[in-house]
Amino acid sequence: MAAERKIRVLVAKPGLDGHDRGAKVVARGLRDAGMEVIYTGLRQTPEMIAAAALQEDVDCIGLSILSGAHNALVPRLMVLLRERGLEDVLVVIGGIIPDADTAALKQAGVAAVFPPGTSMREIIEFIQGHVRPAPALD
Amino acid sequence: MPLKPSPEANLNQAQPAPSSNLAGSDPGADQEPRPLSPAETAWEREVLEPVLGRTPERDWDFTTLSGVPIRRLYTAADLPSGFDFEREVGFPGAPPYVRGIHPTLYRGRLWTMRQFSGFATAEETNERYRYLLSQGQTGLSVAFDLPTLMGYDSDHPLSEGEVGKCGVAIDSVADMERLFAGIRLDQVTVSMTINAPAAAIWAMYLVAAEKQGVAWSRLSGTLQNDILKEYIAQKEYIYPPEPSMRLVVDTIEFAARQTPRFNPISISGYHIREAGSTALQELAFTLRDGMEYVDWSLRRGLRVDEFAPQLSFFFNAHSDFFEEIAKYRAARKLWCQVMTERYGAKLARSARLRFHTQTAGVSLSAQQPFNNVARVALQALAAVLGGTQSLHTNSLDEALALPTAEAATIALRTQQILAFETGVANTVDPLGGSYFVERLTLDLARGAEDYFRRIDEMGGMVAAVERGFPQREIAEAAYQYQCALERKRKIMVGVNEFATEEAPLETLYIDERVRVRQAENLRRLRAERDGAAVERALSALRRAADSEANTMPALLDCVRAYASLGEISEALRGVFGSYTETSLT
């Protein structure tokens, strides 16, 4: 019997903003919770994120956006993911997202928006509870 | 019996300051034995111990926000033996400036109330500036949007979604002129939060002043221009460290010769702290950055007293009240020491650390946002008791968005209440002589010196940054703090304790129309300007960048020809290359 596959998460920071405290803390928290985390580094375009998600075969993409660019960047990323057959990858966002924008982001396919002050445990439990089921290994 | 501890017994005072201890402190660490006076010994035995026997202390980490253990009580026993207050702490306006850089401080002139502000277009921001000035604000501080901070024009593909969102969009000197329309640049001091493209933005400011008929020698203000903390913390860099440092030195040299009242750099701990550092790391990395700029300027051939009086600093005001006050006092002491001993500065002005303070954005909560008014007031009080020269108080809605005019007004009123109602501006350094504050000040200074030594051994701050040293230290502290929050060993009211459901706040919303307007302005600018003149100016800039020359004259010529910020930055990218961080997680 093969060992259980770890949840693979791509933590990405799209847009021009460089404030990466949150992204790095979350990346480390997920890793400490037993997930495999790939951190893209800064200033990733939606194209780069979609390509990395495909190449790394991730179960979840965690985006960190504080600058207000989410409405321009996230829907584009969701289209690119669908084009690459990655529609079952769980996409979650943390950062500063006005309440007014949350509904549209969820409409575009984002599974969760984590506001400032969200605990690591909430994020971990959400990802564990919502990633696609691991492929059967038998 | 001497009341002061004996020299032998004082050995335990000579330990370096405890490092961050958020991961879980040894519960007894803050109560290590120290030499007590007979009176204190008697007090412990007769008063303290019976009470501890009946009612033990709370189960709580008595540590600062940075994780430094704090004692129950501070007394003379907590100061080094033979501690000479007049020599070690002294008087305000005299070395080592622990008590302040001015002998009368706020009795002479209150701190400058300088609210950081900028959003959408130059016109909208100009309106906010004029409103704030009409409400008693005494200085301006420009927040630029992310494309401007990264040297991209508003119509660049990477600017999509970002134009005017985190600050004002400035594409050319035409925008800079609109930004200050109706505001005489010799009548206000202006601070500009710009780093990687600082030299070009400053050139725009200088040309805008020229167009107002204001002589450069009359300009007073501050350019942030601190590229080292970008690599360390905020990550808004464009070029690699070496050419970036050269651009900074170009501005320092130019300011020394042409703008004697302008600070070409504001060496910033603010962003280091926001990235999650401890108070000690903020202090140590900022001052070591300052030393790096001095080293590079000396290598350029400048004399220390030629430029050092124009170096300024910028610190965070976080929530741990006494730790913050001690940080500012330690900073002044260390800078005085470094400038006189390490660099041999002769002018008193070279050794005086002048600083701006901003309350901690990272301490604000999106939940129960009105609590932020209280946080900001207390943080601002710490900055004032620490002797700041100017202050920005955050608005209550800044964990959610850029501030509304109402929220920005409350933030300004908070400073006015401090200045005019509380009485704290009546006397200089009111906490000087507090055993606790003096001990914290000493510990922070000692801890910073330890970091200086480590960074010196690495070959300086540029080398340390290239090795990822400060970045790793900060990321570790940020993670430890998050873990402390998760375990509720640190509390954020309304976030991990006392949480409630509440109705959302009305916030400022900036839509995509700003980008359309800026792009249209750029299209018109490119059609109307003399394209050949722009090309000539950009070529001259490339040549200057490729030589040993100071780039400021060539940058000024580009700006006068209405070259855009994106074109100027692209020309320099062609010569210097771009920087990509090696990912560290």
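## The second largest pocket

The second largest pocket has a volume of about 500 Å³. On a 1 Å grid over the protein atoms alone, a pocket is an open set of points with protein on both sides within 12 Å along at least five of seven lines, while a cavity is a set where a 1.4 Å probe fits but cannot get out; lining residues have an atom within 4 Å of a point. Points are joined across faces, edges and corners, and volume is the space filled by probe spheres set on them.

This is a predicted model, in which local features need pLDDT of at least 70 and side-chain atom pairs count only at pLDDT 80 or more, whereas totals for chains, interfaces and linings use all residues. Residues are numbered from 1 along each chain as its sequence is written, chains are lettered from A and ligands numbered from 1 in the order in which they are written, and side-chain values use heavy atoms, leaving out hydrogens and water.

Of the 26 residues lining the pocket, Gly15(A), Leu42(A), Arg43(A), Gln44(A) and Leu158(B) lie nearest its centre. Helices H2 (46–56) and H3 (70–83) of chain A each supply at least two lining residues; helices (H or I, at least four residues) and strands (E, at least two) are DSSP runs numbered from the N terminus. The lining has twelve nonpolar, eight polar and six charged residues, where Ala, Val, Leu, Ile, Met, Phe, Trp, Tyr, Cys and Pro count as nonpolar, Asp, Glu, Lys and Arg as charged, and the others, Gly among them, as polar.

## Cavities

Twelve residues line the largest cavity, with Leu65(B), Arg273(B), Gly276(B), Ser277(B) and Tyr481(B) nearest its centre. Its lining divides into five nonpolar, five polar and two charged residues.

## Backbone details

Arg43(A), one of the residues nearest the pocket centre, has a phi near 55°, a positive value in a residue other than glycine. Arg43(A) sits in the loop between strand S2 (36–39) and H2 of chain A.

In chain B, a cis peptide bond with omega about 0° joins Pro95(B) and Pro96(B). Pro96(B) belongs to the loop between helix H2 (85–88) and strand S1 (112–117) of that chain.

## Confidence in chain B

The mean pLDDT (the predictor's confidence in each residue, from 0 to 100) of chain B is 93, and 94% of its residues reach 70 or more. Over residues 1–21 of chain B, pLDDT stays under 50. It also stays under 50 over residues 23–30 of chain B.

Note on methods: Contact means heavy atoms within 4.5 Å.
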